[in-house]
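I opened my notebook to look into one protein model and wrote down what I found, entry by entry. Come along and check each spot with me.

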Amino acid sequence: MKIEDIRVFVSCPGRNFVTVKIVTEDGVNGLGDATVNGREMAVVAYLEEHVVPCLIGRDARMIEDTWQYLYRGAYWRGGPIAMAAIAAIDMALWDIKGKVASLPLYQLLGGRSRDGVTVYVHANGTDVDDTLDKADDLKNQGFKAIRLQSAIPGLPVTYGVLGDKKDYFELQGNRPLPPEEIWSTQKYFSMIEGLFEAARGRLGNDIHLLHDVHNRLTPIESARLGKLLEQYDLLFLEDASLAENQQSYDLIRAHTTIPLAIGETFNSVWDCKHLVENQLIDYIRAASTHAGGVTAMRRIADFAAIHNVKTAPHGAPDLSPVCIAAHMHLDTWAPNFGIQEFVGFGNDETRQLFTHEMRIEDGMVQVSEAPGLGVEFDEDAAKEYPYKRSYLPVSRLEDGTLWNW
Ligand code: KDG
Ligand code: MG
């Protein structure tokens, strides 16, 4: 079963998505997601110039060997661009394997471990009351876990807060240059405990609460935050500090019992190594698109399982429905699955381009029973939504110092 053709599409149904389609000589096709928000065209060049020519004529059934060929076979390994390219090829090959076997991906991985995929959704408000109004609404819709973010008083904008925008698609919109945002740790600390105190008062204890710090704090500040929020029983604190220096988490862990989660920008199992094997985190949040595909996610999940770490894959709107489907299959299978981040299946335009049968019921996503990933991509409709350069913001401290995005 030889690979006959590999096509790379960049479409912007509100946000840019890089989609790979592999076609075999028998006419079976598979889809992969290679989107790196704000660096999309670098992945396209990596794929078209350096990956696709090497794969034409290879056996589409050799998923592991192809992964090793692209990762181990390259002298310069890793990084988000190369790993997104490998990820998309890998996802598409798993999709093909599922279609050939007439089995949904989760069945190939080992079968179902649970009734459905419990998700956490986002409540982002312009102030504490607005955040809790949104959270209340989500709770009434049946969601069992909610991530709370609130605008920080005194700062002009706070990442992730929608304000007057209807969704994350409109929020990122068309930004041909990166906007700049201001961060103040002091102002953040003046808001954050009150948000969770009010949340427990209003939402009660029968709901999981989470929070994303988005790497804005130093390790000792994260330790302080963990101690402050322990009493509000969070399911986890996400991206408290960057883990480029993974030993930072030794310090955070030494001071707080708050469950910790990180990994949405990790590119390989090596990025998880110290954190997982020393049990410095409780949830690993790697994404199929950025960590190297289904093959890599399966390896990370198994490595995490033997160290009592659960999986909680990234689910941001800059992952295409192809990646989201891969996650739902991995989550349905992984014995150590914890929770899945979920921001819906995209805006109307995205749902027109990527069709699938995933559905949400009682706070859980039910994966599609269609063979493979269970997603179809409308190539013709994609032509109506050409690529538009668009960036995430950059972040600065109040004195102008560049800070972590
Ligand atoms: O592209 C960056 C987004 O994916 C990120 O800001 C979203 O932190 C995020 C999350 O948890 O979804
Ligand atoms: Mg995050």
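**Entry 1: a salt bridge**
I began with Arg299, which forms a salt bridge with Glu64. The closest N and O atoms of Arg299 and Glu64 are 3.0 Å apart. I kept in mind that this is a predicted model. Side chains of opposite charge can pair when their charged atoms come close. How many salt bridges does the structure hold? I noted 27.

**Entry 2: one more pair**
Next I looked up Asp362 and Lys144, whose side chains also meet in a salt bridge, at 3.2 Å from N to O. I wanted to know what this pair ties together. Asp362 lies in the loop between β14 (359-361) and β15 (364-366), and Lys144 in the loop between α5 and β5 (145-150), so the pair links parts that are 218 residues apart in sequence.

**Entry 3: two domains**
I then turned to the domain assignment, which gives domain 1 as residues 3-104 and domain 2 as residues 108-372. The contact between these domains takes 35 residues from domain 1 and 36 residues from domain 2. I found their C-alpha centres 26 Å apart. How much area is buried between domain 1 and domain 2? My note says about 2800 Å², with carbon and sulfur atoms giving 61% of that area. On the domain 1 side, Arg15, Trp94 and Pro104 lose the most area to domain 2, together 26% of what that side buries. I also wrote down two salt bridges across the interface of domain 1 and domain 2.

My next stop was the second largest pocket, which holds about 560 Å³ of space. It is lined by 30 residues, and the closest to its centre are His122, Asp167, Tyr168, Val343 and Gly344. Which element gives the largest share of this pocket's lining? I found that β4 does, with four residues. The elements that each supply at least two residues of the lining are β4 (117-125), α5 (128-140), α6 (168-172), α13 (321-333) and α14 (348-353). I sorted the lining of the second largest pocket by class and got 16 nonpolar, nine polar and five charged residues.

**Entry 4: the largest cavity**
How many cavities of 30 Å³ or more are there? The count comes to three. The largest cavity has a volume of about 100 Å³. Among the residues that line the largest cavity I picked out Ile284, Met297, Thr311, Asp331 and Trp333. Both α12 (293-305) and α13 supply at least two residues of this lining. By class, the lining of the largest cavity has ten nonpolar residues, one polar and one charged.

**Entry 5: the second largest cavity**
I finished with the second largest cavity, where about 50 Å³ of space lies. Its lining includes Ile152, Tyr159, Trp183, Arg216 and Ser395. The largest share of that lining, three residues, comes from strand β6 (residues 180-183). The lining of the second largest cavity divides into six nonpolar, two polar and two charged residues.

Technical notes:
Residues numbered from 1 in each chain as written. Chains lettered and ligands numbered in written order. Predicted model: local features only at pLDDT ≥ 70, side-chain atom pairs only at ≥ 80, totals over all residues. Heavy atoms only, no water. 1 Å grid on protein atoms, 1.4 Å probe; cavity = no way out; pocket = protein on both sides within 12 Å on 5 of 7 lines; lining within 4 Å. Points joined across faces, edges and corners; volume = space filled by probe spheres on them. Nonpolar A, V, L, I, M, F, W, Y, C, P; charged D, E, K, R; others polar. Domains from an automatic or database assignment. Contact = heavy atoms within 4.5 Å. Buried area = accessible area lost by both parts, 1.4 Å probe. Salt bridge = Lys/Arg side-chain N within 4 Å of Asp/Glu carboxyl O.
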